[in-house]
Amino acid sequence: MSERLQVDVTIIGGGIAGCAAAVALRGAGLTVALLDKGLCGAGASGVNFGGVRQQGRDLAELPLARRARPLWDRLNERLGEDVEFHASGHLKIARAEAEMAELERHAKAAADHGLRLQLLGANEVRSELPWLGAEVVGGSLCAEDGHANPRVVGPAFARLARRLGADVREHAAATSAASTGSGFETRSERLAIKSRFLVNCAGVGAGKVAAWFGEDVPLTPQVPNMLVTEPLPFFITRSIGVCGGGVYLRQIARGNAILGGGAGWGDATSDRSRPLTAVSLAAMTKALAIVPALAGAHVIRTWTGIDGQMPDHIPVIGFSATTPNLVHAFGFSGHGFQLGPVVGEIIAELITQGRSTSPLAPFAIDRFANPASIEPASAVGSEQ
Amino acid sequence: MRAAEALARAGLKPIVLDEAERPGGQVYRQPPVAVGRFSSAIYGFEAHKADAIHRVLADCRDRVDYRPGTLVWNLFGDRLDLLTRDGHAEQRFDRLILATGAMDRSLPFPGWTLPGVFTLGGAQIALKAQGVSIGRRVAFVGAGPLLPLVTHQYAKAGVDVVAALDATPFGAKVAQARGLLASPATFAKGLWYTARNRLHGVDVKHGIQSLRVEGDTHVETLVWRDAAGAEHHVACDAVGASFGLRAEAQLADLAGCRFAFAPDSRQWFPERSAEGRSSVAGVYLAGDGARIGGADVAELQGARTALAVLEDLGRAVDRREVARLDRALAQQARFRQALDAAYPFPRHLLDAIGDGEIVCRCEGITAGTLRQAARDKEAREVNRAKALTRIGMGRCQGRVCGEAAAELLAHACGSELQDVGRLRGQPPVKPIPIAVARLGVRSLENAAGALAESAAR
């Protein structure tokens, strides 16, 4: 016999977006139950690079990233603990003139969204960051971007949600959800929850949840391949990305350099994932080309996890196309960490006001109904 | 080496990947080069066994492909990632025997990170392999049979051993005397070490209640409380302290082997059948890496596991040999059970750890930080505690602090040790130089294939 709950909103998935939604919904006075298959914040929210980055994003995402950025300045206060957010600045590197031209184009477009990017030529970039390797010919600096500790943000949001009265259930995977006419009934092994609204923030598992409501989404696993070195004297002052992707790296106050690039092995069905050696070695080689001073360091750990990826590399955020009062937010395609806190607010807006102040049209779930309408991503390169 | 020998005898040509430069493992570790010391001086009673193990390679000659100086740093599917003298290399396998051994189980105590504090095993290796002592006036602390042995070896080498302290009660040994007699030779050796230690003026004190090491920049004094509660101060310049052994089971973890909690020794081991099979087809376990059994058991288990491999390959095996090994292993298991009970886990030392004490020395994480994560941050599982506090996240990846962290976390949560889980293994098993990537990937298999091809031409 399972336990029965009745709430205003059921949230499936305790990543940053789901937990931030629980926090915002409690703030609006609604009752909330949240189900996570494991521990909150242990999925893609917890294993990513930790980039708090606006530049280089798909232009459709920029309004969300712009709105999210000030939330990070207040996050420690909001959560009551240090999430190690550091506005280090983010430098996107060009290794060829063609890449520099691409950065210039992006800087112009980003300016239309109020994001000021500073283009640095070869001399400038080298005088500011003398430790960069010889192949760097320039870069684009976003001074207000930075990084934070992904391992602590999700759990901190989950605990805040609990303190605010949300019923957060861990090790409670949703096994089914269906419309009841007046709302939804969501079940886990030991729980049956009735609610007026349902939120699907289930990461790579969100495709399954959408399918329960007749929505077929082309969601595939995305498996970031991550590495970390032993602690080194601090010198990598900026978070670093590369035009065209391939590798990204940052150094934390503790001294460890964290780097990623490429995809590991992952199986969403069994929820198992592993870094791939060839990918790790390639990331190490690329990192050494950009930051040659890492040559004496040791790699002490590699890891990965599974995010959900959409064909156009931007998420699904918004109401269901089939079922009233069902809200989706998934498919962040490896760059949802920075957006997480604002996505929580947007979900709450959709539920309490029926609309969001942020432009969500590009993230509609039914954009894949007609494949020809999918625009290729305008992002400069994928990077968390 | 015993597994390799048995496989070679059956006509296979096993590859032995050894992190060390010369065969012998930890117990029969050899000096890095021939140093002109007789093995009887290095290995004592066990010299004949050490010589026999060291001889295996010579006897098998080209029937064993021995590759020293090779760290297996990752395992995924049927592929091993290796760090060799020449850089990174890969090795595929169809059968794998993991004989990864054990290391000292460290527990924090006040002063344990001071320079001059070693593990018992570290102290022993220094003497055995390098012919050096960890200090001039040395104190030893333990909770296992390594304590009387290392004490004996140091005293015999002429080092001033100023204290030998056993954190487990003497009564536990008396109570297990019957079971310990399942291995009369080992029991006799234990008595002999004790007698010799007395002769050297070192009497092992049992049931010590607390210990701490004091010193400004280096070990100066060991302070301990005896079973009766009296405090003692001993001047010394080095301390060897560890509390039993822990399995080095990271590769078994990466192989996906199922683990089980062993309440008697309070640690997780990869499950191993009596024949040496793991829960993963094609992966076998021998030696202390799957259950602490000591050197004699490791030899027997190594040979037995090789026979299981041969059976699984459909080869004929000598049933009498199988029966002999199984009998010997059963006898040893009775002895081991008694030994584990004779040296119970000294958890009173951990309970006394103050909040300011460092538990994870790589990352400088204190017991207080760990307890706070349990209390305020809902950390009820070790991997979550690691994610929130960085405990076990440094160079050693929890090999040194993992057991203590789990004990402290379980205590703070009021839960059983097995309920807080165990740290997940993540590659690399030990740190690898980032520069290894620039040397390029070399597949040993391909290299061998190319050689065979060119030879055929």
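Me: Which residue follows H13(B), and what is its phi like?

Reply: That's Glu378(B), and its phi is positive, near 60°. Keep in mind that this is a predicted model.

Me: Okay, and which residues of helix H13 in chain B are buried?

Reply: A residue is called buried if 20 or more other C-beta atoms lie within 10 Å of its own. In H13, which spans residues 367–376 of chain B, the buried ones are Ala367(B), Thr369(B), Leu370(B), Arg371(B), Ala373(B) and Ala374(B).

Me: Now sheets. How do I read the strand order of the open sheet in chain B?

Reply: Strands of a sheet pair through backbone hydrogen bonds, either parallel or antiparallel. Here 4 strands of chain B line up as E8-E14-E9-E10, with parallel pairing. At the edges sit E8 (117–118) and E10 (160–166) of chain B, each pairing on one side only.

Me: How many bridges join E9 to E14 in chain B?

Reply: There are 4, linking residues 137–142 of E9 with residues 238–241 of E14. For a spot to look at, find Phe140(B), which stands opposite Gly240(B) in E14(B).

Me: Last one: how is chain B divided into domains?

Reply: Domain 1 takes 2–102 + 246–340, domain 2 takes 104–245, and domain 3 takes 353–420. Where domains 1 and 2 of chain B touch, domain 1 puts in 21 residues and domain 2 puts in 16. On the domain 1 side, helix H11 (residues 319–342) of chain B gives the most, with 7 residues. By class, that side has 10 nonpolar, 6 polar and 5 charged residues.

Definitions and conventions: Residues are numbered from 1 along each chain as its sequence is written. Chains are lettered from A and ligands numbered from 1 in the order in which they are written. This is a predicted model: local features need pLDDT of at least 70, side-chain atom pairs count only at pLDDT 80 or more; totals for chains, interfaces and linings use all residues. Two strands pair if DSSP finds at least two bridges between them. Helices (H or I, at least four residues) and strands (E, at least two) are DSSP runs, numbered from the N terminus. A residue is buried if 20 or more other C-beta atoms lie within 10 Å of its own, exposed if 12 or fewer, and partly exposed in between; C-beta atoms are placed from the backbone. Domain bounds come from an automatic or database domain assignment. Two residues are in contact if their C-beta atoms, placed from the backbone, lie within 7 Å. Ala, Val, Leu, Ile, Met, Phe, Trp, Tyr, Cys and Pro count as nonpolar, Asp, Glu, Lys and Arg as charged, and the others, Gly among them, as polar.
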